[in-house]
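Have a look at the chain first, then read on.

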Amino acid sequence: MNSEIAKSRIGEVIRIDTVTSTQADFLATHVPVQNIHIRKKWDSKSDKIMSEEQVFNKYVLNSENNHQFVIVIGSSGAGKSHLIRWFAARLDQAALENEVVLFVRRSDNSLKGTIKQLLELPEVANIPNKAVYDRLVRATSTIDNKKLKDMIYQNFIVEIRNDENDEILSNNEKKRLIELLQYEQFQLNLMKEEGAIDRIYQKVAENETGDSRDVMALFETRDFEVDVNFCDDMIANGAAKNAKKMADAILADDEMPERLSDYMNTLVNRVIQTCAGLEPGDFEQVFVEIRKEIKRQGKNLTLLIEDVTAFTGVNVALLNVLTTEHTGMYENQELCRISSIVGTTEKYFNVNFMDNHKDRVTQFFYIPNDVFGENQNSLYEFVGRYLNAMSLRSDILEEWAKNGALVEEYPIHKGEENANWDKIEIAKGKELSLFPFTKKAISNLYMCILQPDYRTPRYLLRDVIERSMRNYLFKKESFPEFAIERINDIPFESLYVSTYIHQQVEEGQADRVERFIRVWGDASDLEYENNGIKYLGGLPIGFYEDLGIPIFTGRKGDKSKYQKNIAKPTKRNDNDITDNHINTPSTTRVDPEMADFLLGQRTLQIWIDGGELNVGATTKDVVNITKARDEINKKFLISAINWQIEGVALDNLNRVKSTKDFIGFERQKRSTKNALVILPADRETQGILEAFLAYVTLGNGSWNFDNSAMMVYRVQIWIEKWKKIIIDAVNSFEKQQIDYQDCALAAEMIREIMQGVFTGTKVEGIPITNLMAKNLKNNSQNAHCPEWNSLVSMLLNNDEKVKDVITQYYNIIQGNLKSSQVFIRATEFNTDVRKIQKAKLLIPGEQLMLNDPIPQRREIREIYEKIYTREFDTLKSKKVPQSLEIGLFFCQIFIFII
């Protein structure tokens, strides 16, 4: 690192958008993209992974001279514009003789900025249709910001007033909408910063700030939502009658805001074209003329568009031209072959591309969020290139770019650091220093600061590299003090490391040392020597000296710690990331909720380190951990799993949850036997407990707390992993599927035989409908023997319980309201009935000997045992029956069985 040069260059090199960086800086910081996903259809499940060089050679060079309409798609900041700009640079180097390359930058990402670029192209300046050209020139004229916003707003009203299409809104609804738009307070809401009109304005006007936000110039449902207070204010302010009617309609109809936004979005293109002074066919005409001129020259066209949103208002006309082929039915138009590569986000593609345009896409180049994937070297190279570029004077890089930007000639700065810091090789003999980072620091910062959806080059540059380098360059004496979200994801090697550091280092520097060891090193306080180099916390002492970080006397250890934690940086899983935003733990005032969370978190760390988890104790930390456990067991798992879809009868679920916890924990001091699944004492379990600890402390029973999204993400990952295990535990015991419903079916069939409900001669003949029917009978006076009546009495004492199991176990519960109607899972019910009949009502004794841990299921099994096993086993074992009559009955059943 050359700090003196970097202080002046950091603002030039670290540009969040490639639009504003110089060509030399762009090429110097470019890291080859290795995992571009190639798809023929956007919803394709079979991607082909290719590098940027492979993509360039196969598709961008287009050696087969095919018509192409390629979409480069990815989230904001994933690197779409960067890749397209690299394609443009490579095409410029290739200097294809018969190919005209038009590169449309997104400039300030506005329509005016795009038109200005087009006017600078000789192919546009020479188009025969001068009227269209003049209108493009007028469209770039400057209009006062407020005046332009007012023009946009008023033109929507004009379009509505003249719109004869009543497909979405009726004429009366449109009249009321106009009155609502003319109501002053509603107008202020739409025209506020980042409101609907402002979003559209940003895509039309020139933006002096260079803002290139990936916003869509569209109305959203929330733009038309009103509340009771707004309606009351309309009455108080004397709003027009029709305006009030529309507001009332919005309040009464949940679908009305969506209808209104859908309708207004049908007018956006017309309004933008009107405000820009363009006619509907102008842009289409411009590109048709360009293609005709290039065809006349005997050449073809490659069109690169960084961001299609820069054509907001005329995007439909643009896409019409890009999807029009030069052969077949269009051959007589004398158009050149066009190969277009267009960048966009998935949301914009789904919302703004019409179906006929989507169908004509020839290839999709998808850039995933985590563009670095599993290849950590690409991550290190990305950081190394930016550190190198900002340490070199701009003229050195410009000379390199002018000479072909060959990697073999890539200039490397001379650093100010003394120690041998980590390096990354980008070519043979070309190594970039990562100072003031270690590889482990880069991996840790990438995982901790960036949430999964934001692990893109843009956010890595803004939130990791720029944030940390400004700290180093302009406040080196405190480096690293920049914010590191979720730093608690990197636990100390032992619980006492922090305490030891604070004992050894003055208080004003202790936090700095903690951060350095935790993020850059191995999170320990060990001191050892390896090959003559002294290490502390997994880092050479020279690293401390280069950064001016205090050195302390560490606990004596061995070199294995350094080799394990530094030489081979590890990549943690997303579900191992916590969501606590703690910038300076020991100096920041902690509110009571955060204090409760940190107290519980410390207790969990002690448990993970080998201690016991004393669930049920009355100390504050354990009380909150117990609440977290109960939240998982009694609420979250009940609602998070769609039990019926997963094959769990709600009758079974209700019996389980009333007596057991779904989960418990290894080394849990109490109630371990009350849990169906025991979670191991590991980082994953600690993570899920921390998430719900935050839920009950920071969120007070909700996810409404800072940076809760990552906690929710962790919970989602956990439930997907453990869901099947928990479901299996509910549906089985001792490696045996639950059978209490089988016992109920068999017991009910025996009752129907003994009470004469069924009078047939074969068990298979018992009608399935009987088992669900209301056919319970009292035990009336009869001539049967006492033993017979005793057995019938036992059946009747439990007949309602048995019948209820059959009815409720197979019942499909719909909604939350209780209903007397029963909708059964007929296939499963019929299968189980036939299975029991085929077994002649016999459930094997060895199966019944297994212990079902759920008392309410066990009760039904015990009823069956009393009814069947005792009496029938007596007969089967050739023992004398208690009476001739009951003996004859069981003989009859026995005949059925044999």
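A residue counts as buried when its relative accessible area is under 20%. Keep in mind that this is a predicted model.

**Cysteines**
- Cys448 comes out at a relative accessible area of 0%, so it is buried.
- Cys743 is buried too, again with a relative accessible area of 0%.
- With a cut-off of 2.5 Å between cysteine sulfur atoms, the disulfide count is zero.

**Nonpolar cores**
- The largest nonpolar core takes in 96 residues. Those with the most contacts inside it are Met1, Phe87, Phe365, Leu445, Leu460, Met469 and Trp520.
- Another core, of 86 residues, lies apart from that one, and its members include Phe69, Val100, Ala310 and Phe349.

**Cis peptide bonds**
- Phe435 and Pro436 are joined by a cis peptide bond, with omega at about 10°. Pro436 sits in the loop between β9 (430-433) and α22 (439-449).
- There's also a cis bond from Phe479 to Pro480, where omega is near -5°. You'll find Pro480 in the loop between α23 (457-474) and α24 (497-504).

**Positive phi without a glycine**
- Glu194 isn't a glycine, yet its phi is positive, about 70°. Its spot is the loop between α10 (184-191) and α11 (196-204).
- Ala405, not a glycine either, has a positive phi of about 55°. Ala405 belongs to the loop between α21 (394-402) and β8 (423-427).
- At a relative accessible area of 18%, Ala405 is buried, because the cut-off is under 20%.

Note on methods: Residues are numbered from 1 along each chain as its sequence is written. This is a predicted model: local features need pLDDT of at least 70, side-chain atom pairs count only at pLDDT 80 or more; totals for chains, interfaces and linings use all residues. Side-chain values use heavy atoms; hydrogens and water are left out. Buried means under 20% relative accessible area, exposed over 50%, partly exposed in between (1.4 Å probe, protein chains only). A nonpolar core is a set of buried Ala, Val, Leu, Ile, Met, Phe, Trp, Tyr and Cys residues joined through side-chain atoms within 4.5 Å. Helices (H or I, at least four residues) and strands (E, at least two) are DSSP runs, numbered from the N terminus.
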